[in-house]
Amino acid sequence: MKILNKKSTKLLDVFNDMNKHEQNIFAAVFLLTAIILYLPLLITNDKDNIHIFIIFTMLLCMLICCKASGILSKLTDYEQNIAKIAVFISAPFCIAYAVSPAQIPGYYFFNLFIIFIPYIILFFIFRDSRICISAVSIVCSILYIINKTLIIVRGVGLNIFDFLALKTALSVSSNYSFEIKQDFYNSVLCAAFIITASFFFPLKPKKIIKASLKKFLIYFSLGSLLISLAATFYNVAFNDSVYNWNNQDLIYKRGVCYNLVMGLKEQMLSAPDGYSKETAYDIIGRYEADTEGKSPNIIVVMNESFADLRNISSVVPSEEYMPFFKSINQNVTKGSAVVSCFGGRTCNSEFEFLTGMTMTFLPQNSYPYLQYINGDMNTLIRDMDSEIYQKIYIHPYIASNYKRSTIYPFLGFDSFYDGLSFSTQDSYNEKYTSREAFLEYEGVEMIRGFIGDGVTYDKAIELFENKGDDKKIIEFIVTMQNHSPYNYDKDDFVSDVTVTEHTPDINQYLSLIKISDSELERLINYFSNSEEDVVIVFFGDHMPLLDFSDNYADLMLNFEQKSQEMLNMYSTPFLIWTNFDTDTEYIDYVSLNYLSVLMKEKAGMSLTDFDKLRKELYQKYPVFSTNIIIDNEENYYYDYRMIDDDLINQYEYMQYFYLFDN
């Protein structure tokens, strides 16, 4: 005890023994460091978690000052070894607190255990604390910033599946403006402090002579690793998934590290209870596919972010922004399509419509295009007789986004027209490697840097006119005109729809929707004069990302009280129109997995056995989506497992069969 007191006293005496010169250096460096660290804080637009900034600013200032004034060099070898071990032990705790914050009690330790695993492994491999501290601090800081940005942008945090869509995200990232948040700065400041401390006190086990300290270091490292592995395994094996309908806001509160590791659990998809291939054959054998029906030309438009903001906000626009959609009332079925995504993940809406499957049975934040489709799929496109139909995919942007250039043949399409096709006039060919990068499309009229709906529909009309008299055509169009962000400030686009009580972003968005509505009218007017039968299906893929959507988390956590608001947030307008006589009908809500069945019935087309299963399910549950289920008695559910219905089980069996076991 006397030795410890003597050492502690000596450590404190170092500060008392500073000469005038050392004191001046200490004060000057402290002041300069504090100013340098404070300046970036001035450009942030919020002051959340200011205590983290103050703590790590003071610690980093003190650390740099002690180094610059020579205080650290006056420590004995024993004191330096103690400091090295202290930095090594405390680093993961600091990282878990500042870089992967968890606002729910207990989850701090879950994140800490996860951080300890790569931390200790790297230390054992390289035998140098600088490497493990720097690597873990930098990676965690980057993940935290990405996570917080995604929460701000789309209302959902980072998950393991987002890395599969990284190329797609990067392709549109140049259109976004990056806004610095104080939390970003806190994360970088924490990483800077921990890394700086590791370089001032580098821990290398070989250089520790004292046996007691070396033994303590070994026991601590091995014990931490074993405890962390056991705790992490327990969480993955026994804790609930973080991706349940009401947990998206909790992703931030549970910590990004916990979120990512639990996301791995969602990758482990297994067959549903009671499933077998024989059971799937029995189910589908109950239905008899139609052998006769009409074969009209089909134009499907999945319009980017096409939605009616009045469903989720109090906007009062200066003029009607979708007058045609509101007014069309002949040969049309229209209403609200319930989608499974919000503000992004376009490919998942695409997946639900084309396959008739539902994201309800899949991890909510997964990407079927990227994860599960590796061969020919059962789709609406394959339902069309290849001897009758040309099958065309149109997406006026980068071909490789969401692996479209790879999977379009698997979905049954004959050809794919990407953004470059609008310049070259030829369909996509995998030999054109230049299509992987963003290009300025030569000779193509653009709106805010995207190919507009009008130009896209012109391509669809051109392909229809050139198909030949002996052929029908089915075109699936994914537009780009209305893609976020909505802060374009160049003179070649001026918003003509205004909402004074909201931001300019909303004005721009509504002006784009007005253009989409006008171009839809032009498309329908063109096919109104066609002598061939034509069906047009039009729907929005999801709601846009706009400022007033910050009530997202509140809705997710108060489902029972706000189920209608939740439903509206996941609804977009849809219509099914024919240029021949059909009944006009308005449907309040229908989920996307049923829309192709409604289209076929309206057009008098034949139904497949899988169509008939979904038709039966639709009559009982007209909305069957990830976030909300509604039965025919208008009861609301947030999880299909709350419902004891064999028909739902059969639908799940058939989806697993078609997706994984066919």
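Start by selecting Phe116 and Tyr119 in helix H5 (residues 107–126): they sit 3 residues apart, so about one helical turn separates them. Helices here are DSSP runs of H or I with at least four residues, strands are runs of E with at least two, and both are numbered from the N terminus. This is a predicted model, where local features need pLDDT of at least 70, side-chain atom pairs count only at pLDDT 80 or more, and totals for chains, interfaces and linings use all residues. Residues are numbered from 1 along each chain as its sequence is written, and side-chain values use heavy atoms, with hydrogens and water left out.

Now colour by burial. Phe116 is buried, at 4% relative accessible area, and Tyr119 is buried too, at 0%. (Buried means under 20% relative accessible area, exposed over 50%, and partly exposed in between, with a 1.4 Å probe and protein chains only.)

Next, look at the rings. A search of the whole structure turns up 35 aromatic pairs. In the case of Phe116 and Tyr119, the ring centres are 6.2 Å apart and the planes meet at 80 degrees, so this pair is edge-to-face. For the cut-offs, rings of Phe, Tyr and Trp (its six-membered ring) pair if their centres lie within 6.5 Å; planes under 30 degrees apart are stacked, over 60 edge-to-face, and the rest tilted.

Hop over to Tyr393 and Phe476. Tyr393 belongs to strand E3 (residues 389–394) and Phe476 to strand E7 (residues 472–478), so the pair ties together parts that are 83 residues apart in sequence. Their ring centres are 5.9 Å apart with planes at 80 degrees, so it's edge-to-face. Both Tyr393 and Phe476 are buried.

For a group view, select Tyr281, Phe361, Phe610, Tyr621, Phe624, Tyr640, Tyr651, Phe657 and Tyr658: they make up one aromatic cluster.

Time for some charges. Lys334 lies over the face of Phe325, 5.4 Å from the ring centre; Lys467 does likewise with Phe464, at 5.2 Å. (That takes NZ of Lys or CZ of Arg within 6 Å of the ring centre and within 35 degrees of the ring normal.)

Last stop: strand E2 (residues 332–338), where 7 of 7 residues are buried. Which strands does E2 pair with? It runs antiparallel to E9 (residues 571–578), with 7 bridges, and parallel to E10 (residues 585–591), with 6. Pairing takes at least two DSSP bridges between two strands. To see examples, click Thr333, whose partner in E9 is Ile576, then Val338, whose partner in E10 is Ser591.
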